[in-house]
Amino acid sequence: RGIFIFLLHGRRLNEVLSLTWDMVDFEKRVYFIPPKINKAKRYMQYQMTDLLFETLKNQKEMKKIYCSTSLYVFPSPVTCRKLQDIRKQFKKLLRFAQIDKKMRIHDIRHLVASYSINYLGLSIEEVSYTLGHTSIEITQRYVNPRAEISARVVNKIIESVRG
């Protein structure tokens, strides 16, 4: 659940799975994505939403129960190393939310971008920064006059994650 909440914040899957606790600052309520794990190859810092803050606090508590020695925020519950694949869980989420099974995990990023620009009316600059794009030209491809489609899909995703 925590991984999917992070993905709904516009992060790439590898950024989430590679996240270690030293990249999370609860006191300042920020997290860092270093160049070695992001596509932009630059240091990125993001403020935590209340939902993400609570999710990370809960994940920190769960760490005490399993994988207490792991540096990863979302370690494999079996090996306590970096989690490699979440496709099985993603397919379960899609079934639960009654969403087309052809959807890919990376499509969540596309939905976040499209929904933010086309439905919420956020600026391309804001969305570009949120997604960690190096230029707004990359983000402009999400401008779509059919915003109601992405709104419907994102609402189903959020409802299923909260469920």
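## Briefing: a buried histidine, bridges and helices

His133 has a relative accessibility of 7%, so it counts as buried. Buried means under 20% relative accessible area, exposed means over 50%, and partly exposed lies in between (1.4 Å probe, protein chains only). This is a predicted model, where local features need pLDDT of at least 70 and side-chain atom pairs count only at pLDDT 80 or more, while totals for chains, interfaces and linings use all residues. Residues are numbered from 1 along each chain as its sequence is written, and side-chain values use heavy atoms, with hydrogens and water left out.

**The loop between α6 and α7**

- His133 sits in the loop between α6 and α7. Helices (H or I, at least four residues) and strands (E, at least two) are DSSP runs, numbered from the N terminus.
- Setting aside neighbours within four places in sequence, His133 is in contact with Arg12, Arg42, Arg109, Ser128, Ile138, Thr139 and Tyr142. Contact means heavy atoms within 4.5 Å.
- The His133 side chain also makes a polar contact with the side chain of Arg109, at 3.4 Å. A polar contact is a pair of N or O atoms within 3.5 Å; within protein, one must be able to donate a hydrogen and the other to accept it, and residues adjacent in sequence count only if both atoms are side-chain atoms.
- Val161 is 28 residues from His133 along the chain, and their C-alpha atoms are separated by 25 Å.
- Ser135 belongs to the loop between α6 (124–131) and α7 (136–139). Its relative accessible area is 23%, so Ser135 is partly exposed.
- The side chain of Ser135 makes a polar contact with the side chain of Glu137, at 3.2 Å.
- Ser135 and Ile124 are eleven residues apart along the chain, with 9.9 Å between their C-alpha atoms.

**Helix α5**

- Helix α5 covers residues 107–119. At 1.5 Å a residue, its 13 residues should span 18 Å, and its end C-alpha atoms are 17 Å apart, which agrees. The expected span is 1.5 Å times one less than the number of residues.
- How many residues of α5 are buried? Eleven of its 13 residues are, so the helix is mostly covered.
- The buried residues of α5 include Leu111, Val112, Tyr115 and Ile117. Asp107, Arg109 and Asn118 are also among them.
- Gly121 follows α5, and its phi is positive, near 75°.

**The disulfide**

- The structure holds one disulfide. Cys67 and Cys80 form it, with their sulfur atoms 2.1 Å apart. The cut-off for a disulfide is a pair of cysteine sulfur atoms within 2.5 Å.
- Both Cys67 and Cys80 lie in the loop between α3 and α4 (87–97), so the pair ties together parts that are 13 residues apart in sequence.
- Why is the disulfide left-handed? The torsion about the S-S bond of Cys67 and Cys80 is about -85°, so it is left-handed.
- Cys67 is buried, at 8% relative accessibility. Cys80 is partly exposed, at 24%.

**Salt bridges**

- The structure holds seven salt bridges. In a salt bridge, a side-chain nitrogen of Lys or Arg is within 4 Å of a carboxyl oxygen of Asp or Glu.
- Arg29 and Asp50 form one of them, with the closest N and O atoms 2.7 Å apart. Arg29 lies in the loop between β1 (24–25) and β2 (30–33) and Asp50 in helix α3, so the pair ties together parts that are 21 residues apart in sequence.
- Arg29 is partly exposed, with a relative accessible area of 26%. Asp50 is exposed, at 58%.
- Glu15 forms a salt bridge with Arg11, the closest N and O atoms being 2.8 Å apart. Glu15 is buried, with a relative accessible area of 1%. Arg11 is buried, also with a value of 1%.
- Asp107 and Arg104 pair through their side chains, at 2.7 Å from N to O. Asp107 counts as buried at 17% relative accessibility. Arg104 counts as partly exposed at 47%.

- Lys63 is found in helix α3 (residues 50–65).
- Not counting residues up to four places away in sequence, Lys63 touches Trp21, Ser68, Thr69 and Ser70.
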